[in-house]
Amino acid sequence: MALKTFIEAIRETLAEEMRRDDSVIVMGEDVGVKGGVFLATDGLWTEFGDDRVIDTPLTESMIVGTSIGAAINGLRPIAEIQFADFIFPAFNQILSEAARMRYRSNNGFGVPMTIRAPYGGGVHGALYHSQSVEAFFTHIPGLKVVIPSTPYDAKGLLRSSIRDDDPVLFFEHKKMYRSVRGDVPDGEYTVPLGKAAVTHPGTQITVIAYGLMAHHALEAADVVAEEGISVEVVDLRTLRPIDKETVLGSVRKTGKCLIVYEDNRFGGYGAEVAAIVAEEAFDYLDGPVSRICGPDVPGVPYNHVLEDWFMVNPEKIADGIRVLAAY
Amino acid sequence: MAVTRKAPSKLAASVGLTDDDLLAMYRTVALARAVDERMWILNRAGRIPFVISGQGHEGAEVGIAWPLERKKDWIAPFYRSIATCLAFGMTAQDILMAQYAKATDPSSGGRQMPGHYGNAENNLLSLSSPVATQMLHAVGIALAAKIRKSGQVALTSMGEGSSNQGDVHEGLNFAAIHKLPFILVVENNGYAISVPTSKQLATENVADRAAGYGIPGVVVDGSDVVACYRASKEAVERARAGDGPTLIEAKVIRLTAHSSDDQQTKYRPEEELADLKSHDALPRFRAELRDAGVLDEATEARIAAEIKAEVDAATDHSESEPDPDPSTAMRWVFAEDWPSETPPSWGLGGGHSETEHAAEEPRSAAEGAKD
């Protein structure tokens with residue numbers, strides 16, 4: 001067991017999976033000699049060479065589309081999109097092709113591919129280096145969408161993603177790369193896709209979060225605990241397929257549900273979670289299914305005052321908990 | 001049994017083929033045409049809802065697909081690739097099953113529109129309707145072939161309309177940088193639905209663009225089957241030798257409307273339509289083989305009879321196969337079942353086994369409350 005940063009866990013997993021399986025390759029912009037703009041792939045090019053660590057031109061659609069083809073012809077590509085904000089040129093390849101390949105071919109072809117992309121704000125990245133894009137992809141049947149919050153989960157879930165026989169989008173909150181540390185055991189382990197974790201047991205309010213927000217939710221839970229409010233935090237870890245059993249089990253126990261996400265409020269991923277809870281746990285609810293999430297402006301503004309205004313933080317979550325607790 | 005082998009005709013020898021090869025190619029061109037014509041009859045008779053045709057492309061498709069090795073190399077086809085698919089291992093029945101969208105349709109089990117042919121067994125990649133997306137898949141297949149040192153070649157085909165999509169640029173650039181064993185075939189029939197090439201291209205040929213990627217660009221007469229074969233053979237050899245991709249542009253004709261929902265007389269001049277048949281590969285290839293002494297009347301009649309019987313049998317079989325069962329409609333979203341995915345409130349239709357899916361989640365909060 002060793003204390004590791006979030007990005008160290010990612011980097012180690014990539015290297016270990018490439019050592020274990022010759023069919024694993026990495027493709028993306030600056031992933032080679034530079035080791036990625038965040039250094040997530042640092043050292044891979046030196047160890048595995050040009051064939052398996054491929055610096056691509058600035059062509060996101062090609063990175064994903066070519067990975068689809070390579071996956072069909074026997075490889076397990078890991079495509080890196082440098083920032084989640086730049087994933088949209090590849091949207092058609094992800095939506096129309098990767099997600100639909102198995103279904104449209106009646107199981108004739110599958111796409112064992114992982115797309116990694118750093119997402120999220122709070123890093124002075126402004127509109128185009130801060131976006132949370134998960135809702136665009138969780139909407140699509142045929143994709144698995146993973147957002148880990150701890151180095152332990154990052155490693156176990158990335159390993160599961162790479163070994164999965166279907167396309168996985170693996171979003172990493174860039175603010176967590178070096179600010180989040182955690183215990184990571186030596187040796188090989190996996191965390192299964194599609195399983196949430198209760199990271200803070202409680203009895204009065206369920207807070208559902210993922211990624212950076214899962215950390216903020218824990219902090220908020222500690223703050224309101226001093227005020228006598230008992231919060232259960234559910235870290236979703238995999239957004240789709242969603243672990244309804246854990247979510248509904250917790251809400252049926254506490255009777256109240258607050259969903260936290262960093263993305264814009266309207267039509268965000270948490271809206272679907274709210275719909276599931278409202279439909280399937282209605283009889284247990286003692287208050288409105290509520291959300292704390294990013295405001296509906298087209299992006300995270302650059303200036304630090306504006307950015308702070310945009311970003312969800314533990315205080316804003318604690319306020320949301322207090323409002324719900326009053327019901 | 002003693003077999004006397006006669007020397008190959010000059011035509012066959014000129015491209016390193018046998019007369020039997022040429023006859024097999026001719027048979028495939030003619031079969032593709034017969035299947036296609038049957039599709040239109042079935043559509044007009046109300047038996048199938050939609051047709052998208054490959055008539056006028058068949059000669060180029062057969063000539064170009066022929067040098068590739070079946071079940072080893074890969075083709076990512078497009079919606080006019082009936083002849084390509086037949087040349088690469090699919091059967092007339094496979095193509096007709098897609099028209100009827102039956103449960104046993106090998107392309108998609110009835111999930112996709114006709115024209116979206118693909119079949120893992122034959123290394124023919126499933127395609128979608130957003131055009132040119134298959135470009136990058138073929139490049140990726142070629143990338144994997146290079147990394148795995150498998151000796152495979154990947155070919156994709158598309159129309160000149162599709163060739164304007166950004167994925168083509170991104171893919172050709174990447175394939176050229178890495179000298180991938182890849183061939184792009186543009187079947188230029190002069191129209192993107194209704195838009196003529198004069199409004200699609202600033203250059204005369206799509207192949208002129210190849211120079212911008214530092215790769216060979218070849219223009220070939222799509223009604224000349226042997227010339228198409230020769231161009232493709234050179235491209236395959238270049239790819240296998242590690243010398244990188246080739247862009248082949250075959251000038252073909254579109255003998256039909258874009259689809260069964262299109263009326264092409266609205267945008268194509270009458271004289272142009274009247275002149276089309278003089279550029280048709282099928283009669284040209286037939287005459288060429290007769291002149292070369294490869295095809296005689298008896299053989300031609302035998303092939304025609306075989307094709308008719310094959311298409312009739314394929315039609316009858318496709319008619320008689322069952323439709324897909326709605327209880328299968330949620331399968332193959334992923335390799336494995338995901339019980340947390342919610343089936344519709346109206347269930348999974350006929351044939352659905354209650355024990356298979358119903359017990360996964362409580363159907364309502366009230367049911368859940370009883371737990």
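Two strands pair if DSSP finds at least two bridges between them; helices (H or I, at least four residues) and strands (E, at least two) are DSSP runs, numbered from the N terminus. This is a predicted model, in which local features need pLDDT of at least 70 and side-chain atom pairs count only at pLDDT 80 or more, while totals for chains, interfaces and linings use all residues. Residues are numbered from 1 along each chain as its sequence is written, and chains are lettered from A, with ligands numbered from 1, in the order in which they are written.

**Chain B**

B:E187 has B:A250 in strand 7 of chain B as its bridge partner. Strand 3 (residues 182–188) and strand 7 (residues 246–251) of chain B run parallel and are joined by 6 bridges. Both belong to an open sheet of 5 strands in chain B, ordered 1-2-3-7-6 with parallel pairing. Strand 1 (74–76) and strand 6 (217–221) of chain B each have a single partner strand, so one side of each is left without a neighbour in the sheet.

**Chain A**

| Domain of chain A | Residues |
|---|---|
| domain 1 | 2–184 |
| domain 2 | 197–325 |

The centres of these domains, taken over C-alpha atoms, are separated by 26 Å. In contact (C-beta atoms, placed from the backbone, within 7 Å) are 26 residues of domain 1 of chain A and 24 residues of domain 2 of chain A. On the domain 1 side, helix 6 (134–138), strand 6 (144–146) and helix 7 (151–163) of chain A each give two or more residues.

Just after helix 10 of chain A, A:G255 takes a positive phi of about 85 degrees.

Definitions and conventions. Domains from an automatic or database assignment. Contact = placed C-beta atoms within 7 Å.
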